[in-house]
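Colleague: I am new to this structure and would enjoy a friendly tour. Please take my questions one at a time.

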Amino acid sequence: PEHGPVVACVGRLCSQKGQRVLAGAWSGLVSRFPLGTLALVGEGPDRETIASLGVPGVVMPGWSEDVSDWIAAADRVVIPSRWEAGLSLVAM
């Protein structure tokens, strides 16, 4: 979008990766950044649960083999993982 911050989160949509918590936190920012976008890029078992939250400004484009465009478009990239086995691939 032309008039708001873009925050991207790339990863499998599951409890381990923390996107549900991130979407909940985003709902608290909507009043401060009504034109902002949170892009949850990926697929996984939490997709329907996150979508059902109905948080304004959250987009879920699905799985992408090349996420470089999402990362380049983002003002911030967040990794809300609760745990990782080693280093997060998104960080690299």
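Colleague: What is the relative accessible area of Ile-71?

Modeller: A word first: this is a predicted model, in which local features need pLDDT of at least 70, side-chain atom pairs count only at pLDDT 80 or more, and totals for chains, interfaces and linings use all residues. Residues are numbered from 1 along each chain as its sequence is written, and side-chain values use heavy atoms, leaving out hydrogens and water. Ile-71 lies in helix H3 (residues 68-73), where helices (H or I, at least four residues) and strands (E, at least two) are DSSP runs numbered from the N terminus. Buried means under 20% relative accessible area, exposed over 50% and partly exposed in between, with a 1.4 Å probe and protein chains only, so Ile-71 counts as partly exposed, at 33%.

Colleague: Which residues form a nonpolar patch on the surface with Ile-71?

Modeller: Patches take residues with over 30% relative accessible area and no salt bridge, joining like charges within 9 Å and nonpolar side chains (Val, Leu, Ile, Met, Phe, Trp, Tyr) within 5 Å. The patch has about 210 Å² of accessible area in total, by the Shrake-Rupley method with a 1.4 Å probe, where for residues only the protein chains shown count as cover.

Colleague: Is Gly-36 buried or exposed?

Modeller: Gly-36 sits in the loop between H1 and E2. Beyond its neighbours within four places in sequence, Gly-36 is in contact (heavy atoms within 4.5 Å) with Gly-4, Pro-5, Trp-26 and Gly-57. Its relative accessibility is 6%, so Gly-36 counts as buried.

Colleague: How many Å separate the C-alpha atoms of Pro-80 and Arg-20?

Modeller: Pro-80 lies in the segment after strand E4 (76-77). Not counting residues up to four places away in sequence, Pro-80 touches Cys-9, Lys-17, Gly-18, Gln-19 and Leu-22. Pro-80 and Arg-20 are 60 residues apart along the chain, yet their C-alpha atoms are separated by 9.4 Å.

Colleague: Which residue forms a salt bridge with Lys-17?

Modeller: A salt bridge is a side-chain nitrogen of Lys or Arg within 4 Å of a carboxyl oxygen of Asp or Glu, and the structure holds 3 of them. For Lys-17, the closest N and O atoms are 3.0 Å from those of its partner, Glu-84. Lys-17 lies in the loop between E1 and H1 and its partner in the segment after E4, so the pair ties together parts 67 residues apart in sequence. That partner is partly exposed, at 29% relative accessibility, and its name is Glu-84.

Colleague: And which residue forms a salt bridge with Asp-46?

Modeller: The closest N and O atoms of this pair are 3.1 Å apart, and the partner of Asp-46 is Arg-20. Asp-46 lies in the loop between E2 and helix H2 (47-52) and the partner in helix H1, so the pair ties together parts 26 residues apart in sequence. Asp-46 is buried at 9% relative accessible area, whereas 37% makes for a partly exposed Arg-20.

Colleague: What is the N to O distance in the salt bridge of Glu-43 and Arg-47?

Modeller: Glu-43 is partly exposed, with a relative accessible area of 38%. Its side chain meets that of Arg-47 in a salt bridge, N to O, at 3.8 Å.
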